Amino acid sequence: MSTISVPGIDMRAENAPAGVEGPGWFAAKLDDVVGLARKNSLWPLPFATSCCGIEFMATMGSHYDLARFGAERLSFSPRQADLLMVMGTISKKMGPILRQIYEQMAEPKWVLCMGACASTGGIFDTYSVLQGIDRIIPVDVYIPGCPPRPEQVLEGILKIQALVQSEERRRRDSPEYKAMLSKYGIE
Ligand code: SF4
């Protein structure tokens, strides 16, 4: 269904979800189609405070080209983003701001935590640095490293995409999801 025929080139745009097809029609589960669309149209909000942010800039550049995954449209407005990417050292003073940004993002939303500092505080085991953003907001995927290379950032995006594609549309209304948010004091 999704193979584009160009002489000498066999291009596959995207794997269609499992479905039933016949001449001129194709039927699939709504969850699968929505998952496919969400997966390939992520709008990241880069919350970058230090050196890991530079690696993300490299990931956006032409060599690594995040646009190949449909995620090149960055948003600096939380209300128009569905992937919060946290990269860099997060001080305790900045914690409430990060949390406010997370809360302002509409559901469904996902969080990608990039690098040792954002994940655990990294080398900054000090009184002023948050020892991991998962103390204040839930995280879906962690990218290890100090700094992670752009290839690792791409792998993190692929893991987020896999999550997004397989997520049921009603997961966000489930008691388990609400209980997880309430552990963070988020309604
Ligand atoms: S993890 Fe390393 S590269 Fe990333 S912000 Fe911290 S010190 Fe910088």
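This is a guided tour of the structure above, one selection at a time.

**Before you start**

You are looking at a predicted model, where local features need pLDDT of at least 70, side-chain atom pairs count only at pLDDT 80 or more, and totals for chains, interfaces and linings use all residues. Residue numbers start from 1 along each chain, as its sequence is written.

**Stop 1: the whole protein**

Show everything as a cartoon. Starting at the N terminus, the elements follow the order β-β-β-β-α-β-α-β-α-β-α-β-α-α. The C-alpha trace spans about 65 × 40 × 25 Å along its principal axes.

Of the 187 residues, 27% are buried. A residue is buried if 20 or more other C-beta atoms lie within 10 Å of its own, exposed if 12 or fewer, and partly exposed in between, with C-beta atoms placed from the backbone. Now think about contacts, meaning pairs of residues whose C-beta atoms, placed from the backbone, lie within 7 Å. Among contacts between residues at least 6 apart in sequence, 72% join residues at least 24 apart.

**Stop 2: the open sheet**

Select β5, β6, β7 and β8. These four strands make an open sheet in the order β5-β6-β7-β8, with parallel pairing; two strands pair if DSSP finds at least two bridges between them. Which strands stand at the edges? They are β5 and β8, each with a single partner strand, so one side of each is left without a neighbour in the sheet. From one strand to the next, the twist averages 20°.

Zoom in on β5, residues 44-48. Four of its five residues are buried, so this strand is mostly covered. Look for F47, whose bridge partner in β6 is V86, and for L45, which stands opposite L84.

Together, β5, α2 and β6 make a left-handed β-α-β unit. To judge the hand yourself, point the strands away from you: a crossover is right-handed if the path from the first strand over the helix to the second runs clockwise.

**Stop 3: a helix across the sheet**

Select α5, residues 150-166. This helix lies across β6, β7 (110-114) and β8, and runs at about 160° to β7. Axes here are lines fitted to C-alpha atoms, for helices over the stretch in contact, and angles run from 0 to 180 degrees between N-to-C directions.

**Stop 4: around the ligand**

The shell consists of S50, C51, C52, G88, T89, G115, A116, C117, G122, C146 and P147. Which helices each supply at least two residues of this shell? They are α2 (51-60) and α4 (115-120), and α4 gives the largest share, three residues.

Colour the shell by class and you will find six nonpolar, five polar and no charged residues. In this scheme Ala, Val, Leu, Ile, Met, Phe, Trp, Tyr, Cys and Pro count as nonpolar, Asp, Glu, Lys and Arg as charged, and the others, Gly among them, as polar.

Stay with P147, which sits in the loop between β8 and α5. A cis peptide bond joins C146 to P147, with omega about -10°.

**Stop 5: loops**

Go to P108, in the loop between α3 (95-104) and β7. The peptide bond from E107 to P108 is also cis, with omega near 0°.

Next, pick D65 in the loop between α2 and β6. Its phi is near 55°, a positive value in a residue other than glycine. D65 counts as partly exposed because it has 13 C-beta neighbours inside 10 Å.

Move on to S128, in the loop between α4 and β8 (141-143). Is S128 buried or exposed? S128 counts as exposed, because it has 10 C-beta neighbours inside 10 Å. Leaving aside neighbours within four places in sequence, S128 is in contact with S91 and K92.

**Last stop: α6**

Finish with α6, residues 175-183. This helix is hardly covered: the count of buried residues among its nine residues is zero. Just after α6, select G185, which takes a positive phi of about 75°.

Terms used: A residue is near a molecule or strand if its C-beta atom, placed from the backbone, lies within 6 Å of it. Two residues are in contact if their C-beta atoms, placed from the backbone, lie within 7 Å.
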